[in-house]
Amino acid sequence: MQAWQVHENGEPSEVMRLAEVERPAPGDGQVLLRVRAANVNFPDALLCRGQYQVRPPLPFTPGVEICGETGDGRRVIANPALPYGGFADYVLADARALLPAPDSLDDAEAAALHIGYQTGWFGLHRRARLEAGETLLVHAAAGGVGSAAVQLGKAAGATVIGVVGGADKAAVARRLGCDVVVDRRAEDVVAAVKEATGGRGADVIYDPVGGEAYTQSAKLAAFEGRIVVVGFAGGTVPSPALNHALVKNYSILGLHWGLYNTKNPKLVQHCHEQLTELAARGAIKPLISERVPLSEAARAVQRVADGRSTGRIVVVGKESA
């Protein structure tokens, strides 16, 4: 079978190599899946760079999220068991953690439903307790993680403000349903959001970027606001001023979705059921900006690493729907 392998850490386009390898053999509790589609995530770039919290032994295949097919023909969503990641023809996965792929989504859409949408659901509903009528601010609103949060926020009845970088991404954010779009390259984010909210700020702020975005978040948190820290795609891990949180009476909430797989897996299943229902009625639908063949996986991962993508880029198998 074919699989992209990383033999040394570095930039994805430089260290990912397509190779002919042996099909992996399932261990105890594992199942072999044929990859129908593999979604590209920012953690794939971090894996290549050796900067992710999980460091599989070299060589490894990146790709942390797929829509696959079982031996009996069922479509499932899975997180491949590294080092046998999703940018390959076949993967291994934990048999107990397989989730049914929603009938309302094709392979590429199903592959993109899992991590980003689970993160959004847990962040907005489990951690921040977003309520209908509240204002939600989403950083990087046109990206894979941000676009999921925008859709989930709208489905929850929130007013959604999307912050993006560039006119093209602003257009994407508007199509996603953002009520207000702020282009950080052309506008002062803090001033624009305060104007849009009558000076009040946002009740919930969803931040997968860190760095300057977090600094803006702290300035824009409303009374009893909640800042959900999802990641640091901007490359800088901020140091919150806790005295500021005290004076303004807002909360800083961390979210590491992967912990729920071990700490509370039943909640992951419940979340998937909620997402499946939302997808069935058209309230959410992964934004697939590009579908590429396996041969272009390294280029796709590099584009996500460089922040040059919108929505999701998905690597599709030869027989994918």
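1. Contact here means heavy atoms within 4.5 Å. The model under discussion is predicted. Setting aside neighbours within four places in sequence, Leu136 is in contact with Leu124, Leu130, Ala149, Gly153, Ala158, Thr159, Val160, Ile161, Val204 and Tyr206.

2. Leu136 also belongs to the largest nonpolar core, which has 83 residues. Along with Met16, Leu33, Phe87 and Phe122, Leu136 touches the most other members of that core. In soluble globular proteins, nonpolar side chains tend to be buried together.

3. An open sheet of six strands runs in the order S10-S9-S8-S11-S12-S13, with parallel pairing. Strand S10 (180-183) and strand S13 (251-254) are the edge strands, each pairing on one side only. From one strand to the next, the twist averages 20°.

4. Val228 has Leu253 in S13 as its bridge partner.

5. Helix H4 (residues 115-127) lies across strand S8 (135-139), strand S11 (202-207), S12 and S13, and runs at about 150° to S11.

6. Is Thr61, a loop residue, buried or exposed? Thr61 lies between helix H2 (42-49) and strand S4 (66-69). Its relative accessible area is 5%, so Thr61 counts as buried, the cut-off being under 20%. Beyond neighbours within four places in sequence, Thr61 is in contact with Ala3, Trp4, Gln5, Leu82, Pro83, Tyr84, Gly85, Phe87 and Ala88.

How values were computed
Residues numbered from 1 in each chain as written. Predicted model: local features only at pLDDT ≥ 70, side-chain atom pairs only at ≥ 80, totals over all residues. Heavy atoms only, no water. Core = buried A, V, L, I, M, F, W, Y, C linked by side-chain atoms within 4.5 Å. Buried < 20%, exposed > 50% of the residue type's maximum accessible area, 1.4 Å probe, protein only. Helix = DSSP H or I, 4+ residues; strand = E, 2+ residues; numbered from the N terminus. Pairing = 2+ DSSP bridges. Axes fitted to C-alpha atoms, helices over the stretch in contact; angles between N-to-C directions.
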